[in-house]
Amino acid sequence: MGGINGHYLRNITMNCAPDTSEVLAAVAYATDASLLFDWCWQNSIPLRFYGRLDDGVAVSVPILTDFLSKKSQKFVCRLVQHHHAKVIWWRGVGVYIGSANLSGGAWYKNVEAGCFFSDEEITDDMASDILDLFATLEANATPLTEELLEEMKRRVPASFGRDSRS
């Protein structure tokens, strides 16, 4: 609940690098790479990210640019139309299912409702359901390409700030 009980998502990420084998993240909106993406890159933890694809720019241009610049199968970004999930699975540690996007407000000050299930609490059925979610997203995903990035750049309103990570 973040702002209510002081348990923020950043606390999970900051403490779980040694036990995380990979991160699967389905989060509609992402504006701050420092919350999860930079952490994965710095700790060489494979990341498969699914953001929202709509008429706006749900995932910031700098984040999309970072993914493309990596040119790595270990760090994959896909965009999915009509997707509004907020699920982050630190494989080997646990899974968060809730309302938080990848934004500074969501991770540092907002009241976000969600549940975290430690690895020990994840049943086989639950793991299967989560993997089904990611398989469905993958089946409906648009790969991030230079052309898609250029389209996202055209969609950014001038007042939004193309180079902003906040």
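Are Tyr50 and Phe134 buried or exposed? Select the two: both Tyr50 and Phe134 are buried, where buried means under 20% relative accessible area, exposed means over 50%, and partly exposed lies in between, with a 1.4 Å probe and protein chains only.

Before moving on, a word on what you are viewing. This is a predicted model, in which local features need pLDDT of at least 70 and side-chain atom pairs count only at pLDDT 80 or more, while totals for chains, interfaces and linings use all residues. Residues are numbered from 1 along each chain as its sequence is written, and side-chain values use heavy atoms, with hydrogens and water left out.

**Stop 1: aromatic rings**

Keep Tyr50 and Phe134 selected. The structure holds 8 aromatic pairs, and Tyr50 with Phe134 is a tilted one, at 5.9 Å centre to centre and 50° between the planes. Rings of Phe, Tyr and Trp (its six-membered ring) pair if their centres lie within 6.5 Å; planes under 30 degrees apart count as stacked, over 60 as edge-to-face and the rest as tilted. This pair links distant parts of the chain, since Tyr50 is in strand E2 and Phe134 in helix H5 (residues 124–139), 84 residues apart. Helices (H or I, at least four residues) and strands (E, at least two) are DSSP runs, numbered from the N terminus.

Now select Phe37, Trp41, Phe49, Phe67 and Phe75, which ring pairs link into a cluster.

**Stop 2: strand E4 and its partners**

Select residues 86–91, strand E4, where 5 of the 6 residues are buried. Strand E1 (residues 22–27) runs antiparallel to E4 and is joined to E4 by 6 bridges; two strands pair if DSSP finds at least two bridges between them. Look for Val27, which stands opposite Lys86.

Strand E5 (residues 94–98) is also antiparallel to E4, with 4 bridges, and Gly94 in E5 is the bridge partner of Trp90. E4 and E5 form a hairpin with 2 residues between them, and Gly92 in the turn has a positive phi of about 100°.

**Stop 3: the nonpolar cores**

Stay on Trp90. In the largest nonpolar core, of 42 residues, Val23, Leu36, Phe37, Phe49, Phe67 and Trp90 touch the most other members. Helix H3 gives the largest share of this core, 5 residues. A nonpolar core is a set of buried Ala, Val, Leu, Ile, Met, Phe, Trp, Tyr and Cys residues joined through side-chain atoms within 4.5 Å. A second, separate core of 15 residues includes Ala26, Trp89, Ile130 and Ala141.

**Stop 4: helix H6**

Finally, select residues 146–155, helix H6, whose buried residues are Leu148, Leu149 and Met152. They cover an arc of only 100° around the axis, which puts them on the same side of H6; the arc is that of the directions from the helix axis to the C-beta atoms. On the other side of H6, Glu147 and Arg154 are exposed.
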